Amino acid sequence: MNELKALLFDVDGTLADTERDGHRIAFNQAFVDAGLDWEWSPECYGQLLTVTGGKERIRYYLDTVNTTFERPADLDDFIRGLHAAKTTHYTQLLSEGAIPLRSGVRRLIDEARVEGMRMAIVTTTTPANVEALLIHALAPDSMSWFEVIAAGDIVPAKKPAPDIYDFAMQEMGLTPADCIAFEDSRNGILSSQGAKLATIITINGYTANDDFNGAAIVLDQMGEPEAPFNVLEGNAGDAKCLDMALVRELHRTKD
Ligand code: XBP
Ligand code: MG
């Protein structure tokens, strides 16, 4: 295995718990704006998370849940409009500080920066959403900490396709053996493993029962020295939280 050269971070569910109290709320607000009586409950949203990408998720809802909805002639345009309103609500929510980073995320990123470790964002979410989270939850100048922000429709095939990871590595001039991915979901690990990346998983409420076969390790959170993680699968040695020493060790020992 090569020396570790870069950390590739998923955003939703990994850096912050954005789905239930962020994206879901913003979708529902956009539905109200449009005069629709649709409301995605936390449970319903869990089902809809099967599909990544907001526009794709609205279409999936119409295909599988609200199958009797009378579709407008230009469905693509209708969905695009709903999704644009959703993005406005979501970025507004984040600008109010509604969603904090998950435990240990800031500590790990700070440690990586001190080491000069290269970092990228690799996500299916809209670029404006990444910017809002990084600026409001991490630091005002934190966009510049990431060499590449690979997000949204930049590749046509979203996760679980590997394309977005392939794109990020190509932009950085790196190979999978140089990098490690951080993910929280089945679709995420399918994407990162499809790109041949060792992957660290931190689960969340929606993904706790997902299949993470092949992960370098599965943790409940990155954790802090005084608020340690629980190791759900794999070996963390004596570590109490996910620090750069453990990240390097996981990268080294993952075939
Ligand atoms: C994240 C997603 C995103 C968000 C919505 O998946 O599925 O679609 O829910 O984002 P991952 P947009 O964490 O695997 O990247 O509405 O901006 O598409
Ligand atoms: Mg995710």
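This is a short tour of a predicted model, stop by stop.

**Stop 1: the metal.** Start by selecting the magnesium ion (ligand 2). Which residues hold it? Show D10, D12 and D184: these coordinate the ion at 2.1 to 2.2 Å. Along the chain, the donors follow the spacing D-x1-D-x171-D. Now colour D12 and D184, a pair that links distant parts of the chain, 172 residues apart. You will find D12 in the loop between β1 (6-9) and α1 (19-33), and D184 in the loop between β4 (179-183) and α8 (186-194). Are these two buried or exposed? Both D12 and D184 are buried.

**Stop 2: two crossing helices.** Next, select α3 (residues 54-64) and α4 (residues 75-95). Their axes come within 9 Å and cross at roughly 120 degrees, so the two helices are oblique to each other. The crossing of α3 past α4 is right-handed. To see where they touch, show G54, K55, I58, R59 and L62 in α3, together with L75, D76, I79, R80, L82 and H83 in α4. Sorted by class, this contact has 5 nonpolar, 2 polar and 4 charged residues. While looking at a helix, remember that an α-helix has 3.6 residues a turn, so residues three or four places apart point the same way.

Note on methods
Residues numbered from 1 in each chain as written. Chains lettered and ligands numbered in written order. Predicted model: local features only at pLDDT ≥ 70, side-chain atom pairs only at ≥ 80, totals over all residues. Heavy atoms only, no water. Axes fitted to C-alpha atoms, helices over the stretch in contact; angles between N-to-C directions. Helix = DSSP H or I, 4+ residues; strand = E, 2+ residues; numbered from the N terminus. Parallel < 35°, antiparallel > 145°, perpendicular 65-115°, else oblique. Left-handed = near helix turned anticlockwise from the far one by under 90°. Contact = heavy atoms within 4.5 Å. Nonpolar A, V, L, I, M, F, W, Y, C, P; charged D, E, K, R; others polar. Donors = N, O, S within 2.8 Å, 3.2 Å for Na, K, Ca; no water. Buried < 20%, exposed > 50% of the residue type's maximum accessible area, 1.4 Å probe, protein only.
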